[in-house]
Protein chains: 2
Amino acid sequence: MTADNATNAGRRVAVIGLGSMGYGMAVSLKRAGFDVVGFDVRQESVERFVAEGGMGAATPGEAAAGAAAVVCVVLNAEQTEAVLFGEGGCAATMDEGTVFVSSATMAPSVARSLAERLEKDGRHYLDAPISGGAQRAATGELTVLVSGTPAAMAAADAVVGAMAAKVFHLGDAPGTAAGLKIVNQLLAGVHIAAACEAMSFADAHDLDPAKVFEVITASAGNSWMFENRVPHILDNDYTPRSAVDIFVKDLGIVLDIARSEKIPVPLAGTALQSFLMTSAAGMGRDDDASVFRLYQRIRDVADDAPDGEGPS
Amino acid sequence: MTADNATNAGRRVAVIGLGSMGYGMAVSLKRAGFDVVGFDVRQESVERFVAEGGMGAATPGEAAAGAAAVVCVVLNAEQTEAVLFGEGGCAATMDEGTVFVSSATMAPSVARSLAERLEKDGRHYLDAPISGGAQRAATGELTVLVSGTPAAMAAADAVVGAMAAKVFHLGDAPGTAAGLKIVNQLLAGVHIAAACEAMSFADAHDLDPAKVFEVITASAGNSWMFENRVPHILDNDYTPRSAVDIFVKDLGIVLDIARSEKIPVPLAGTALQSFLMTSAAGMGRDDDASVFRLYQRIRDVADDAPDGEGPS
């Protein structure tokens, strides 16, 4: 037991949402010495966590009762609002001075509004979007962007530290971290779709895909996503590490914000359509590199048609 | 004088096109011991090269006469064809067994066609697009993609070696290197426009741009171009390192190929429109990070309009 573990022992933390990210974060918090209570709408996720030595709860409110911190890792803003203010929600049971650590990707304006509603009754809200994937969630090595009042930061410090290899402190306004996460998702989504589009162009030119990967990753056309996702294409392995529908959701958030705030984002809009077409083609739950298969399929159709052309 | 310099001494090389890239390449070849003859349509570029100890020629053909290799670094396929087969062109004066090293970005089909026309008379054609920028051209540290017959590779080996820090050998078919360069330009163009779009989104949300840069370059949203171009935005410095119109040209080539070969590239199409709008707004010769200024200007217009909205 490290010094951290000794300090954390006996401190209760609730984790709401035991999906691929939340489950790993709950495990990391338990490893760091916290008493962790998990909740998920899927009862089997709670049972699995209990079987591994965690505690379970029947509602978010039950999980949050007596907890020093509530970590919320659900899909989106709507679910986060329900976790806080819906029936059986946390806001009704959280003690004064405790902190809600909000990790779902959402619009900055929503993060600000949720913070305001929770904080007027003396509870703290930390805007804390995450990145790094399920594996780093399980090893406590996520990247966490945080913004919130000094009191919220202080109340969540040990909890965030147990989940993160890297924490970016972005000031005292909830919404700042959410905004930066959205900027990252805008770029990540465009770059995945661009990687797939470029590999499709290369494929149409019969370029050796392994050679394309070697050259591009050493060139100015490289991106983090190109380097990470193109190996899935090379291996023809579309087991979901991150699914197409995640970017349908995240670029959807980008586009909703852009439209409501009148910010032109033509590439994000085009990338969303690429993910949407891939999802519509039945690959929504497959790996997001499946955008490549969409283009491949489109080109195959053209090859099968008379005179090498699709129907007019 | 190194071993290379001794080997190269007395061997004549022509460089056609003494722009920001070609001039640096001519200097690098001279440094490596070659006798370098330069040609450019702008007489003052030739004079500058002569003043620095090079030789000048009045036509591409004159430069190529007696040269073991001709390095062609002009703007596009049309200019390359004119350099080879136009009036005063190289094809008429190149000796048998000499090599034409073709570095302009162009469609693979054009590279194949130029190679075929030149090689039927016993001269060699090396498809050899370059990347790395003017500074690395001058220091002989370019990245060069090469494809062509073994004879073309052998004839150009010392010349390419004098210009490059890194050479990718892509097989014996002219057009392969051109195709891979196009794939790189597709990605590079999309990534620059995406970086500008994302920074505009961040700006609209009053996020600290330096903090955005710090977080994104450490996150999954990063790209080589984001890391390279966003500092221009942070410094508000649009002195052209690479101009907007370069990507109007290069994405134009991508889109021309895509249309003629029926390859869907929606992101490249959208990125081209972003560069085109930026050029139309009078920033064609400014740094390509100026796409950010386009979005900034668009949003400023909206802020100035009644009720915070643009004209309907």
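Author: One definition comes ahead of the questions: a salt bridge is a side-chain nitrogen of Lys or Arg within 4 Å of a carboxyl oxygen of Asp or Glu. The model is predicted.

Reader: How far apart are the closest N and O atoms of Glu214(B) and Lys211(B)?
Author: Both residues lie in helix α10 of chain B, 3 residues apart, about one turn of the helix. The cut-off for a salt bridge is 4 Å. Glu214(B) and Lys211(B) form such a bridge, and their closest N and O atoms are apart by 3.4 Å.

Reader: Are Glu214(B) and Lys211(B) buried, partly exposed or exposed?
Author: Partly exposed covers what lies between under 20% (buried) and over 50% (exposed). Glu214(B) has 37% relative accessibility, so Glu214(B) falls in that range. With a relative accessible area of 25%, Lys211(B) is also partly exposed.

Reader: Which residues are joined into one network by salt bridges that share partners?
Author: The count over all chains comes to 26 salt bridges. Some of them share partners, and these join into one network Lys120(A), Asp121(A) and Arg123(A).

Reader: Which parts of the chain does the pair of Arg229(A) and Asp288(A) link?
Author: The two residues form a salt bridge with the closest N and O atoms 2.7 Å apart. Arg229(A) is buried, and Asp288(A) is buried too. They are 59 residues apart, and the distant parts they link are helix α11 and the loop between α13 and α14 of chain A.

Reader: What is the relative accessible area of Asp40(A) and of Arg42(A)?
Author: Their side chains meet in a salt bridge of 3.4 Å, N to O. Asp40(A) is buried, because its relative accessible area is 6%. Arg42(A) is partly exposed, at 40%.

Reader: Which residue does the UniProt annotation "active site" cover, and is it buried or exposed?
Author: The annotation comes from an unreviewed UniProt entry and covers Lys181(A). That residue lies in helix α9 of chain A, residues 176–204. Its relative accessibility is 8%, so Lys181(A) counts as buried.

Reader: What share of the area buried between chain A and chain B do carbon and sulfur atoms give?
Author: The contact takes 59 residues from each of chain A and chain B. The copies meet through the same surface, because 100% of the interface residues of chain A are also interface residues in chain B. The buried area is about 5,000 Å², and the share from carbon and sulfur atoms is 77%.

Reader: How many salt bridges and how many residue pairs in polar contact are found across the interface of chain A and chain B?
Author: For salt bridges across the interface, the rule finds 0. For residue pairs in polar contact, both at pLDDT 80 or more, the number is 13.

Reader: Which element gives the most to the side of chain A that touches chain B?
Author: Elements that each supply at least two residues to that side include β9, α10 and α12 of chain A. The one that gives the most, with 20 residues, is α9(A).

Terms used. Residues are numbered from 1 along each chain as its sequence is written. Chains are lettered from A and ligands numbered from 1 in the order in which they are written. This is a predicted model: local features need pLDDT of at least 70, side-chain atom pairs count only at pLDDT 80 or more; totals for chains, interfaces and linings use all residues. Side-chain values use heavy atoms; hydrogens and water are left out. UniProt positions are given in the numbering used here, feature names are shortened, and annotations may be inferred rather than shown by experiment. Helices (H or I, at least four residues) and strands (E, at least two) are DSSP runs, numbered from the N terminus. Buried means under 20% relative accessible area, exposed over 50%, partly exposed in between (1.4 Å probe, protein chains only). Contact means heavy atoms within 4.5 Å. Buried area is the accessible area (1.4 Å probe) that two parts lose on being put together, summed over both. A polar contact is a pair of N or O atoms within 3.5 Å; within protein, one must be able to donate a hydrogen and the other to accept it, and residues adjacent in sequence count only if both atoms are side-chain atoms.
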